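Please examine the sequence and the three-dimensional structure shown below. The paragraphs that follow lead through selected features in turn.

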Amino acid sequence: ETVNAGAQKDADEGFVENKTVGAYIQEQVSLRERIFLTAALRGDDNSAFGKNFDFVLYPKFSTSWVVADESAPMAATWVNRLKLRAAWGQAGQQPDVFAALRTYEPAVGPDAVATLTPQNIGNADLKPEVGEELEVGFDGSFLNDRIEVQFTYYDQKRKDALISVPVKPSVGFPGFQWRNLGEVANSGIELGVNGDVRRGANWGLSLGLSFSANDNELVDLGGLPPQILQSMNYTTGWAHQLYVQGFPLGAIFLKKVVSADIQGTGADAVATNVMCEGGELVAGTTDLSRGGGATVPCDEAPHIFRGAPIPTKETSLTGNLTLFKNLQLFAQVDYMGGHTMINGTAAGAHLFFRNTREILERDDPILLGYESLGRDGINQGGLIDASFIRLRRISATYTVPSSLSARFGADRITISLSGHNLWTIWQATKEVFGYPVLDPEQRITQGTSTDPGGLSAYVQEAWTTIKRFQTTIRVSF
């Protein structure tokens, strides 16, 4: 054991640094200035590693082929530039500075005697989370450079993933222990296309499209049962986000009411015969399911996978209009989708504060069904498909004629006006049980001790995305 109360105090006061000792070597080979091969090796030793782990190596290899420089028939006349590329490599994410150390903190004992109390259990075997990624793709320019295309397919695996595991009370230490467990997989594509619709002396127009799609899965959890990301133990009905093998990170599991009857009227109305979606249980769990089964009474129903907070698809469209060489008008529209969030403001208004029209009128059997579940049904009052399309930015940029700039002793002067997040063009969920969803982009993005990746699906009383207007003047001398 390492008694490290002093080190912890120094860290709190900003005196302790995370130290890394590393070595790096790289070699690049070129064949006829068309084929490029690169190999590299990096080694790290970090003070955040456990004392039983010393050194880690990260290799990488990449190759590219500039096809457009080859003679026909390898290169076509309509191809201006074309490069094929592939790469494989590893990289690491270090643990938090004190995650590996067993620490104690000072406390006052009986009769005002100074003593120490357990603070962090540590892990002497803690090592970095290692990511391994394969990428293949191409970059090209076609039709007299009017169209540019970039495409990438990636397949990434993160091994020895850093997962916080609750410490058993019998151990005598509070909180969580960071451990290297399991494997996380990410795969997807990224596509970018930019094209000049018109090139003219008086005006020109260019359009751009970027698209990405991602699929992530917790492949292996190292033999552990589902781990809690948000809320209390899921068996008590409080947890709604978990790490579950075979599901996306931050998977949301909630019971799903599919039917109910209403008994009574007005303030006396209650839900009866409440039925929930059933389904086969996920291996190694007691009440988690993908759903799709026959309806069952809700007290017998499993918690159903309802989605994850990580967007699976993102698209951006841009347009740039140039008028008389000096004025540029720009617009950008973004789409984000394939993810689920819990609007805690709506959920709380319906089933905690009980001050919404729908819960007071008591005529929606599904909402009353969730009310009958008690604390196990609160979050469903704010469950939303968080997909949206937003006008992200519009701007106008004027370049002052050089003759006028010279009067101020400047080589170039530009004036820009821009507006950001001005309009939500479409959103998948406008209301939930009659309660308006003001902004589906609201979310918690900061990491916490139990949510290091900012995977929280729960948002309550957060600011909507800020509309912003900006004026910029740039002067070059």
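Glu183 lies in strand E11, which comprises residues 183-198. Leaving aside residues up to four places away in sequence, Glu183 touches Lys157, Arg158 and Lys159, and also Glu217, Leu218, Val219 and Asp220.

The wider setting of this residue may now be considered. The protein contains five helices and 30 strands. Of its 477 residues, 40% are buried. Among contacts between residues at least 6 apart in sequence, 63% join residues that are at least 24 apart.

Part of the strand content can be followed in detail. Five strands form an open sheet, in the order E13-E14-E15-E20-E18, and their pairing is mixed. Its edges are strand E13 (227-230) and strand E18 (288-289), each of which pairs on one side only. In general, strands of a sheet pair through backbone hydrogen bonds, either parallel or antiparallel. Strand E14 (residues 241-243) and strand E15 (residues 251-254) run antiparallel and are joined by two bridges. Leu242 stands opposite Ala251 in E15.

A covalent link is the next feature. The structure holds one disulfide, formed by Cys276 and Cys298, whose sulfur atoms are 1.9 Å apart. This pair links distant parts of the chain, 22 residues apart: Cys276 belongs to strand E17 (residues 270-278), whereas Cys298 lies in the loop between strand E19 (293-297) and strand E20 (303-307). The link between Cys276 and Cys298 is right-handed, with 90° about the S-S bond. Both cysteines, Cys276 and Cys298, are buried.

Finally, the confidence of the prediction deserves attention. The protein has an average pLDDT of 86, and 89% of the residues score at least 70. Over residues 1-16 the pLDDT is below 50, and this stretch has 25 contacts in the model beyond near neighbours in sequence. Residues 446-453 also have a pLDDT below 50; for this stretch, the model shows 15 contacts beyond near neighbours in sequence. Where pLDDT is low, the predicted coordinates should not be read in detail.

Definitions and conventions: Residues numbered from 1 in each chain as written. Predicted model: local features only at pLDDT ≥ 70, side-chain atom pairs only at ≥ 80, totals over all residues. Heavy atoms only, no water. pLDDT = per-residue confidence, 0-100. Contact = heavy atoms within 4.5 Å. Pairing = 2+ DSSP bridges. Helix = DSSP H or I, 4+ residues; strand = E, 2+ residues; numbered from the N terminus. Disulfide = S-S within 2.5 Å. Buried < 20%, exposed > 50% of the residue type's maximum accessible area, 1.4 Å probe, protein only.
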